[in-house]
Amino acid sequence: MGAEGVARMQGWGLAILRVVVGIVFLVHGFQKLFLMGFGGVAGMMDGLGVPAPGLFAVILTLVELLGGLALILGFFTRVAAIPLAIDMLVATLTVHLPNGFSAANGGYEFTLVLLAASLALAVAGPGEAALDRFLAMRTNNPALARLTR
């Protein structure tokens, strides 16, 4: 397989990672919005000692919901992945780290994987089958094209 074929296969690997991570974040954001509600999320954050829990409940919920959707679509992937990585860094440090590594015990195993995946997407871009690539080709916009590589 030539260099172009390898690059394309890597692009499909990124696309799989992007979509699966996007689904995870979308579902978590959906649960926060429609099952817990902003009040429930704010209560959880208040219990963690987060300042302005009402404000951060809205931000957290929308970052996960809209960021997950953006990843699934491959829309501003690099930009969307950054707040998702910050979300997982904060969750790891404030909630999961004291519980040890194992996710079965509420540990940081799962949030660490999502943090790493979000950072990888922020660095590497969306891969194949991304709306970013379609828009860059369609608009012939060099700035947008740099975001999609």
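In which sense, left-handed or right-handed, does helix 1 pass helix 4? In this predicted model, the crossing of helix 1 past helix 4 is left-handed. The two helices pack at an angle of about 130°, and their axes lie 10 Å apart. An angle over 145 degrees would count as roughly antiparallel, and 65 to 115 as roughly perpendicular. Helix 1 and helix 4 are therefore oblique to each other.

Helix 1 contributes Leu14, Leu17, Arg18, Val21, Val24, Phe25 and His28 to this contact. Helix 4 contributes Phe110, Leu114, Ala117, Ser118, Ala120, Leu121 and Ala124. By class, the residues of the contact of helix 1 with helix 4 comprise 11 nonpolar, 2 polar and 1 charged.

Ala52 has a relative accessibility of 41%.

Helix 2 has 21 residues. At 1.5 Å a residue, helix 2 should span 30 Å. Its end C-alpha atoms are 30 Å apart, which agrees with that expectation. The buried residues of helix 2 are Pro53, Ala57, Leu60, Thr61, Val63, Glu64, Leu65, Gly67, Gly68, Ala70 and Leu71. Their cover includes helix 1, helix 3 (77-96) and helix 4 (109-124). Just after helix 2, Gly74 adopts a positive phi of about 70°.

Helix 2 also packs on helix 3, at an angle of about 140° and with the axes 9 Å apart. These two helices are therefore oblique to each other. The crossing of helix 2 and helix 3 is left-handed. On helix 2, the contact is made by Leu60, Val63, Glu64, Gly67, Gly68, Ala70 and Leu71. On helix 3, Thr77, Ala80, Pro83, Leu84, Asp87 and Met88 take part. The contact of helix 2 with helix 3 has 8 nonpolar, 3 polar and 2 charged residues.

Thr77 belongs to helix 3. Its relative accessible area is 0%. Buried means under 20%, so Thr77 is buried. Beyond its neighbours within four places in sequence, Thr77 is in contact with Arg18, Leu71, Leu121, Gly125, Pro126 and Asp132. Arg18 of helix 1 and Leu121 of helix 4 also take part in the contact between those two helices. Leu71 of helix 2 is itself buried.

Note on methods:
Residues are numbered from 1 along each chain as its sequence is written. This is a predicted model: local features need pLDDT of at least 70, side-chain atom pairs count only at pLDDT 80 or more; totals for chains, interfaces and linings use all residues. Side-chain values use heavy atoms; hydrogens and water are left out. Buried means under 20% relative accessible area, exposed over 50%, partly exposed in between (1.4 Å probe, protein chains only). Helices (H or I, at least four residues) and strands (E, at least two) are DSSP runs, numbered from the N terminus. The expected span of a helix is 1.5 Å times one less than its number of residues. Contact means heavy atoms within 4.5 Å. Axes are lines fitted to C-alpha atoms, for helices over the stretch in contact, and angles run from 0 to 180 degrees between N-to-C directions. Angles under 35 degrees count as roughly parallel, over 145 as roughly antiparallel, 65 to 115 as roughly perpendicular and the rest as oblique. A crossing is left-handed if the near helix is turned anticlockwise from the far one by less than a right angle, and right-handed if clockwise. Ala, Val, Leu, Ile, Met, Phe, Trp, Tyr, Cys and Pro count as nonpolar, Asp, Glu, Lys and Arg as charged, and the others, Gly among them, as polar.
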